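This note is intended for a colleague who is meeting the structure for the first time. The points below move from one part of the chain to the next, and each may be checked against the display.

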Amino acid sequence: MPSTLALSMPSPGAPLAPATIERRALRDDDVRIQIAFTGLCHTDLLLAPNAWGIASFPLVPGHEITGIVTEVGANVTKFSVGDRVGVGIMVNCCGVCANCQSGNENYCTKGYVWSFGWRDYDGTITFGGLSQSIVVREPFVFRIPGDLGLDVAASVLCAGVTMYAPLKHWHAGPGTSVAIVGMGGLGHVGVKIAAAMGAEVTMLSRSPGKKDDALRFGAVSYADTTDPRHVRRARQPVRPDHQHGVREPGH
Ligand SMILES: [Zn+2]
Ligand SMILES: [Zn+2]
């Protein structure tokens, strides 16, 4: 089996150390990717000490993966060598249950497979993006547009899609109001995506120090959740006042 270099944790909480890991030989529907970047999100930090008791070790974190296709299986049709691609947290599902068939693979009744720290259906442990290459089934590989850097695209593959999916589901866009709770972690990504969709975004936060960033990222209003006046005001849609700049809730 082809091997590749990785940063691996042999046991829960152990420091990351260089290691050689195996990647499977290419199956007909597999894509091999030379990894360029990987993001690290809080799920990596939770699986590293096995905080949920669900991780398989050795653990190679990283599930916001971008890179270049170096090889494709015989039945792969959507990708070819040289393509810029990404992989998120899912790398397998049964594909035939009602949930998979309706596009809700994350509710696969057989159980989805995460891209790191997980047992795949064949019994092997999945290893994530802190490595030089990865082999992934074609349905779980995504094309990265040419004008999007592989570095910035990485964080879209977990943090980004986590915010994008509900905004899309609830039809965020022109004429809608969206409130995002909290600016860190996912929130700042949510502000950017909701604003880009054309929604009117209010940032809800306990920290007034986040206000300037929220407005810079596309929010038109900020509500301090420790101030009852701000919270009352935030119940109403807020529109930007072009004459006076951003209107303050409660004013
Ligand atoms: Zn399924
Ligand atoms: Zn994540």
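1. Helix 5 is mostly covered, with seven of its ten residues buried. Here a residue is called buried if 20 or more other C-beta atoms lie within 10 Å of its own, exposed if 12 or fewer do, and partly exposed in between, the C-beta atoms being placed from the backbone. Helices (H or I, at least four residues) and strands (E, at least two) are DSSP runs, numbered from the N terminus. The buried residues of helix 5 are Gly187, His188, Val189, Gly190, Val191, Ile193 and Ala194. Their cover includes helix 4 (159–169), strand 10, strand 11 and helix 6 (211–216).

2. The model is predicted: local features need pLDDT of at least 70, side-chain atom pairs count only at pLDDT 80 or more, and totals for chains, interfaces and linings use all residues. Residues are numbered from 1 along each chain as its sequence is written, while chains are lettered from A and ligands numbered from 1 in the order in which they are written.

3. Helix 5 (residues 187–196) lies across strand 10 and strand 11, and runs at about 170 degrees to strand 10. For such angles, axes are lines fitted to C-alpha atoms, for helices over the stretch in contact, and the values run from 0 to 180 degrees between N-to-C directions. After helix 5 comes Gly198, which has a positive phi near 100 degrees.

4. Which order do its three strands take? The order is 10-11-12, in an open sheet with parallel pairing; two strands pair if DSSP finds at least two bridges between them. Strand 10 (177–181) and strand 12 (221–224) are at the edges with a single partner strand each, so one side of each has no neighbour in the sheet. From one strand to the next the twist averages 25 degrees. Strand 10 and strand 11 (residues 200–205) run parallel and are joined by five bridges. Ile180 stands opposite Met203 of strand 11.

5. A second open sheet has five strands in the order 8-3-4-5-9, paired antiparallel. Its edge strands are strand 8 and strand 9 (142–143), each of which pairs on one side only. Eight bridges link strand 3 (residues 30–39) with strand 4 (residues 64–72) in the antiparallel sense. Ile35 faces Gly67 of strand 4.

6. Not counting residues up to four places away in sequence, Ser131 touches Thr4, Leu5, Ala6, Ile21, Ile35 and Val60; a contact requires C-beta atoms, placed from the backbone, within 7 Å. Ser131 sits in the loop between strand 7 (113–114) and strand 8 (133–137). Is Ser131 buried or exposed? Ser131 is buried, because 23 other C-beta atoms lie within 10 Å.

7. Leu150 belongs to helix 3 (residues 150–154). With 17 C-beta neighbours inside 10 Å, Leu150 counts as partly exposed.

8. Some backbone features deserve a look. Most residues other than glycine have a negative phi, and most peptide bonds are trans. The peptide bond from Phe57 to Pro58 is cis, with omega near 5 degrees. Pro58 is in the loop between helix 1 (42–47) and strand 4, and Asn50 lies in the loop between helix 1 and strand 4 as well. Asn50, not a glycine, has a positive phi of about 55 degrees, and is partly exposed because it has 17 C-beta neighbours inside 10 Å. His171, in the loop between helix 4 and strand 10, has a positive phi near 60 degrees. His171 counts as exposed, with 10 C-beta neighbours inside 10 Å.

9. Finally, the whole protein. The protein has seven helices and twelve strands, and buried residues make up 37% of its 251 residues. The domain assignment gives domain 1 (3–154) and domain 2 (161–234), with bounds that come from an automatic or database domain assignment. The centres of the two domains, taken over C-alpha atoms, are 30 Å apart.

Notes: Two residues are in contact if their C-beta atoms, placed from the backbone, lie within 7 Å.
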